[in-house]
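Please keep the sequence and the three-dimensional view at hand.

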Amino acid sequence: MKFGYFDDQNREYVITRPDTPLPWINYLGCEEYFGIISNTAGGYSFYRDARLRRLTRYRYNNAPLDMGGRYIYLRDDGADVQQPIFWSPTWMPTRSKLDEYECRHGLGYTSIKSRVNGIEAQTRYFVPLGESLEIWELTVINLRQITADLSVFSAIEFCLWDANDDATNFQRNYSIGEVEVADGVIYHKSEYRERRNHFAYFACSEPLSGFDTQREAFLGAYRGWDSPLAVEVGKASNSVAHGWQPMGSHHIKIHLNPGEQKKIIFVLGYHENPEDGKFDPPDTQVINKHTVKPVISRYMKLDEVGSAFQALQNYWNGLLEQLQVSTPDQHTNRMVNIWNAYQVMVNFNISRSASGFESGIGRGMGFRDSNQDLLGFMHMIPGRARERILDLAATQLPNGGAYHQYQPLTKSGNDDVGSGFSDDPLWLILSAAAYLKETGDWKILDEPVPFDNLPGSEQALYLHLHHSIQYVLDRRGPHGLPLIGRADWNDCLNLNCFSTSPGQSFQTTTNKDGKVAESVFIAGLFVLAAKELAVITRRQGYANEAEGLTREAEKMEEIVWATGWDGKWFRRAYDDLGEPIGSKVCKEGQIFIEPQGMCVMADLGLRDGRAIQALDSVAEYLATSNGIVLHQPAYSHYYLNLGEISTYPGGYKENAGIFCHTNPWVMISEVKIGRGDHAHDYYLRINPSAREEMSEIHRCEPYVYAQMIAGRDAPAQGEAKNSWLTGAASWNYVAITQWILGVRPTHDGLAIEPVIPLDWKGFEVVRNFRGVRYVIQVERQGSGNAVTLDVEGIIIKGTVVPFPPNGTQDVHVKVKVA
Ligand code: GLC
Ligand code: GLC
């Protein structure tokens with residue numbers, strides 16, 4: 001069952017009924033000002049940091065689930081006053097019956113339209129490029145035969161900036177709220193009197209009939225957002241908030257003749273004043289509005305709003321043009337050309353902080369996560385990728401390890417969600433290597449980067465990468481495998497935790513500085529990273545060091561074969577007693593997906609058939625129609641020595657859920673052994689568009705990947721959770737574009753090595769790479785994967801299109817696969 005459809009032409013997903021199984025959200029903003037917005041206008045906004053600079057309030061895990069948003073109410077002032085008629089044109093929060101409803105989630109904007117009693121209302125929400133504000137462009141049309149007198153009310157609730165404090169520290173916060181209202185603009189200035197130089201503002205293009213800034217005055221005591229008193233009686237009370245819950249609502253009255261329409265613009269924004277120019281006059285506590293007024297008045301104009309929207313569309317179209325494909329499969333095309341690329345960008349911006357499943361309070365930018373998010377992002381905005389790599393490296397610790405996350409506002413690392421994940425530093429090598437291949441910008445390696453952001457500790461990025469390797473080499477266990485530390489990619493494989501206290505966090509509690517528990521997964525990742533770094537090192541002119549790295553990679557590979565191979569698949573780890581995890585000798589958790597994917601990606605077993613064996617085991621034990629589960633059998637009870645992985649009921653999350661992040665590793669591995677049918681089949685099992693028809697089971701948005709789909713052990717098998725913010729975005733993008741379609745940046749040029757399904761006759765790719773547009777046409781002529789490249793009419797040797805002479809704009813490549 002579907003709740004909408006893809007409009008590929010307009011690069012939109014169109015939702016045709018408001019009661020989707022879960023709020024289906026979208027993101028506004030792609031630079032510094034962001035918001036999430038659901039298909040019923042729920043959500044919130046923030047400046048750079050969802051926790052520390054929250055503009056609007058949201059109620060998490062509420063009933064209904066989606067509470068708090070960018071609400072507009074319409075009221076029929078001509079209707080019987082005894083029986084006032086008002087409604088939310090976005091359905092929530094009044095949930096009135098709508099005669100028509102349509103939500104279009106597009107790239108960086110959302111537009112929600114509905115009709116009630118002959119009044120059509122459409123609101124388009126977006127953030128103009130280069131601005132710290134959002135626009136709500138409301139169009140009201142009178143489709144009745146008679147005139148309509150309507151009241152329009154806007155409504156947002158201000159958050160007192162630090163979203164965590166806002167949700168907990170009421171003894172203070174009920175007394176600090178402050179606003180100003182001037183020229184129809186509502187200013188939220190809590191804490192502006194003291195250490196903040198920023199404020200929020202909420203403006204409207206129309207003359208006001210009234211306003212409210214105190215929540216209780218607007219809603220009325222004991223009422224909720226579904227029936228605000230001001231809307232019911234059709235009159236705002238001009239309340240000025242002091243303490244309690246500052247909010248913003250404009251009341252506008254409009255008169256529409258039959259067929260007439262009216263556009264109203266609302267602008268919600270964030271603004272900073274210079275420290276010495278906060279007040280005007282200077283000796284008062286009144287906000288200096290000189291700097292913000294030009295911004296506000298600009299966006300009160302319809303033509304400015306129109307061109308800002310056009311600019312946003314052009315921007316997105318430009319980004320997507322970097323890579324477009326045309327294959328026989330519409331789910332592939334749609335995801336690669338539109339939604340997967342878009343989701344990659346959202347992950348780049350938001351990491352794991354704000355979504356329908358991440359509160360914006362808990363997590364900042366993850367070190368491991370952000371490095372992987374970069375893998376699918378590089379080609380869109382290399383300059384921002386560069387900056388991110390340097391920011392991440394600057395949070396690396398002097399011993400080569402890494403903070404697990406940093407706050408985007410301060411860019412400094414913290415241990416709030418734990419530390420000591422032994423895999424973390426290695427991911428920096430993968431992102432740096434991908435950046436070099438994409439851009440050829442070798443100068444980045446010379447950039448001085450501090451450790452732990454400490455001035456004076458700077459070393460070249462190049463050396464940071466070597467510290468990452470050393471960190472792992474220095475921390476090894478009895479088998480010679482890397483020590484797992486708190487955990488590796490699987491946050492919940494906590495082999496040194498031994499937690500017995502309820503509520504203790506497996507991520508932050510340290511019960512043991514373990515010297516025994518080891519990870520085969522990290523060993524595989526190490527081999528992959530060490531090989532990448534060896535290539536970089538050699539190209540930097542350090543042949544001996546490069547050799548050294550290659551030897552370390554080989555040694556690690558030998559150790560894996562000696563201690564990490566279980567006979568038919570790779571083992572997962574060793575616990576604190578030196579017992580294997582992910583082995584046929586285990587009662588539960590006999591086989592895991594992670595080491596199969598990672599070790600084969602690192603080329604282990606490609607020559608001797610053991611890669612095939614490992615992947616056949618994945619197919620036999622882990623693959624389901626909804627995707628590949630993390631392990632089998634699921635853990636049926638809590639294992640003290642395994643940690644959080646065994647706390648989840650079977651089939652959910654890390655206990656044998658389908659982690660969409662890991663599935664692409666298997667797709668890439670299948671490509672490595674030449675099985676295009678398998679690779680693409682796995683790709684389609686979790687491809688959101690391919691699952692659209694079963695939206696009532698999948699439940700999350702059909703246009704983006706979710707972190708997890710419930711596995712075969714769960715009662716709700718096939719149900720997705722934690723959509724949007726997940727390494728699944730980047731890795732699936734990499735798997736399909738670089739491996740299955742096989743168009744892959746290398747240090748020597750663009751590699752083209754497709755490993756596609758047998759029944760594909762061919763496909764096309766247009767890919768911008770280092771300033772050159774590659775037009776690639778692939779034709780299947782036989783049933784294998786052998787590739788012949790014809791570059792501008794000349795057959796070349798090998799599978800890498802060499803860099804063309806300077807100044808070349810287009811390169812045409814004809815590819816035969818046989
Ligand atoms: C979450 C985390 C990611 C981790 C994964 C598996 O998605 O963001 O860092 O690798 O869970 O535990
Ligand atoms: C929990 C989740 C895991 C996530 C971690 C983040 O362990 O299961 O997926 O990565 O929290 O702190």
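Between which two elements is the loop that holds K443 found? The model is a predicted one, and in it K443 belongs to the loop between α10 (424-439) and β24 (448-449). Residues over 50% relative accessible area are classed as exposed; K443 has a relative accessibility of 63% and therefore counts as exposed. From C-alpha to C-alpha, K443 lies 64 Å from D76, and 367 residues separate the two in sequence.

The next element is helix α13, which comprises residues 543-564. Its 22 residues should span 32 Å at 1.5 Å a residue, and the C-alpha atoms at its ends are 30 Å apart, so the two values agree. Several residues of α13 are buried, among them A546, L549, A553, M556, V560 and W561. An α-helix has 3.6 residues a turn, so residues three or four places apart point the same way. The partners against which the buried residues of α13 pack are the helices α11 (461-473), α12 (520-539) and α15 (610-622), together with the strand β27 (573-574).

Attention now turns to ligand 2. Around ligand 2 stand R363, D491, C492, Q507, E644, Y648, K653, E654 and Q707. This shell consists of five charged, two polar and two nonpolar residues. Oxygen atoms of ligand 2 lie 2.5 Å from a polar side-chain atom of Y648 and 2.6 Å from one of E654. In the side chain of Q507, an N or O atom is 3.2 Å from an oxygen atom of the ligand. On its own, ligand 2 has 310 Å² of accessible area, of which the protein covers 84%.

Definitions and conventions
Residues are numbered from 1 along each chain as its sequence is written. Chains are lettered from A and ligands numbered from 1 in the order in which they are written. This is a predicted model: local features need pLDDT of at least 70, side-chain atom pairs count only at pLDDT 80 or more; totals for chains, interfaces and linings use all residues. Side-chain values use heavy atoms; hydrogens and water are left out. A residue is near a molecule or strand if one of its heavy atoms lies within 4 Å of it. A polar contact is a pair of N or O atoms within 3.5 Å; within protein, one must be able to donate a hydrogen and the other to accept it, and residues adjacent in sequence count only if both atoms are side-chain atoms. Accessible areas come from the Shrake-Rupley method with a 1.4 Å probe; for residues, only the protein chains shown count as cover. Ala, Val, Leu, Ile, Met, Phe, Trp, Tyr, Cys and Pro count as nonpolar, Asp, Glu, Lys and Arg as charged, and the others, Gly among them, as polar. Helices (H or I, at least four residues) and strands (E, at least two) are DSSP runs, numbered from the N terminus. The expected span of a helix is 1.5 Å times one less than its number of residues. Buried means under 20% relative accessible area, exposed over 50%, partly exposed in between (1.4 Å probe, protein chains only). Contact means heavy atoms within 4.5 Å.
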